[in-house]
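User: I would like to learn how to read pockets, helices and surface patches in a model. Please take them in turn.

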Amino acid sequence: MSVRVSESIIAVLLFALVVPLVALPWVAWQYRRVGRLRGWSAFVAAAGVLYGCGLVAFTLFPLPTITPDFCGDRALHDYWQTTPFESLNDIARDGRAALAQVLLNVVLFVPLGFLLRYRFAKGLAAATLIGLATSLAVETIQGTAVLGLYPCPYRLADVDDLLTNTAGTVVGWLVAQAVHRALPRAVPDPVADLDPPGLARRGFAFAGDLLVIWLVQSAIRVTVGLAGSLDVATSRWFGVVVVVLVVGVCALVVPLTRADRATPGQIAFHLAVEGDRAAVLRRFAVWWLPVLVLLAFDRADLVLLLAAVVGLAARLRHDRRSLVGLASRTRTTTRSARTSTDRVTV
């Protein structure tokens, strides 16, 4: 497997790890800023995250294995190329291989310049400085052996990379300047988030709850395992206890302590549940208690099936109310709508 293919695979794996961590905060930020979520905005954000993962993968990975002769007799300064335009000599000597490396350094920073203009509306001067600073950070990390984590660098810090990376940023900015009017807006205009939330939004909020439960549960297991109790972390009884605690906190404790009665997933999607604390208890008994039992028995597939059935039943109703809402005598609304209602009531 070639190095470039390995770096591409690493970029995708990093993307798969980062997205679950940033998805809900980004969704919450979108609703707070513009009052809605649009597929194109999500695509642009995902592209930015994927680019960041790719930048890390292509500049730092694959990480080498430290051996007794890892550094040999090379000194730190052997990994710093400080002569400007030395890459021209490399091209004259090595031909296409050296030219391809230079072009790759340019292309690698084109998406950064494009995003800075299209997504963040930065001017050319600001984008150039950001590109230069980003490249300088990369070269510093490479030239200092990942800030001292390795006994010596495993990649060359090259001053010409600063020039080619910055040039790539400028090229990307110019491309975005030329085409951004033909593209949908990366950030839509703000709207009032007062309409009843649709089934898709409510469904994604529940998926967000499951994501939070999985992340917290995994973090607890990993922490206990790293603390030296691997047998406990992987035991069946410990998994059940963790599920009960995490679901209880997310679906019962958090809503009871919030004025909008929202779970973590609903918080991210700016949803609220109409009702008092008794309504939270009814909703937990009707919906979350069966979910808890299924998760405790490792039947996440049945949880998804149950959610699909509830969603389909709501789709058949004119008012789109779910069986959960009907049984618990609660109604899901937006946080903005509930806030507006509370102000009117006061």
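Analyst: This is a predicted model. Start with the largest pocket, which holds about 670 Å³ of space.

User: Which residues are the closest to the centre of the largest pocket?

Analyst: Its lining has 33 residues, and Leu-199, Arg-202, Gly-203, Arg-283 and Ser-322 are the closest to the centre. Elements giving two or more residues to this lining are α9, β3 (271-274), α13 (277-296), α14 (300-315), α15 (323-328) and β4 (331-334).

User: Which element gives the most to the lining?

Analyst: Helix α9 does, with nine residues.

User: How many residues does α9 have, and what span does it reach?

Analyst: Helix α9 covers residues 199-226, which is 28 residues. From first C-alpha to last it reaches 40 Å, close to the 40 Å expected at 1.5 Å a residue. After α9 comes Gly-228, with a positive phi near 105 degrees.

User: How should I read burial along a helix, and which residues of α9 are buried?

Analyst: An α-helix has 3.6 residues a turn, so residues three or four places apart point the same way. In α9 the buried residues include Arg-202, Ala-205, Phe-206, Asp-209, Leu-210 and Ile-213.

User: Which residues make the nonpolar surface patch?

Analyst: Val-232, Trp-237, Val-241 and Leu-245 make a patch of about 380 Å². Helix α11 (residues 236-257) gives the most to it, with three residues.

User: Trp-237 is found in α11. Why does Trp-237 count as exposed?

Analyst: Exposed means over 50% relative accessible area. Trp-237 counts as exposed because its relative accessibility is 53%.

Key:
Residues numbered from 1 in each chain as written. Predicted model: local features only at pLDDT ≥ 70, side-chain atom pairs only at ≥ 80, totals over all residues. Heavy atoms only, no water. Patch = residues over 30% accessible without salt bridge, like charges linked within 9 Å, V, L, I, M, F, W, Y side chains within 5 Å. Areas by Shrake-Rupley, 256 points an atom, 1.4 Å probe, with all protein chains shown as cover. Salt bridge = Lys/Arg side-chain N within 4 Å of Asp/Glu carboxyl O. Helix = DSSP H or I, 4+ residues; strand = E, 2+ residues; numbered from the N terminus. Buried < 20%, exposed > 50% of the residue type's maximum accessible area, 1.4 Å probe, protein only. Expected span 1.5 Å × (residues − 1). 1 Å grid on protein atoms, 1.4 Å probe; cavity = no way out; pocket = protein on both sides within 12 Å on 5 of 7 lines; lining within 4 Å. Points joined across faces, edges and corners; volume = space filled by probe spheres on them.
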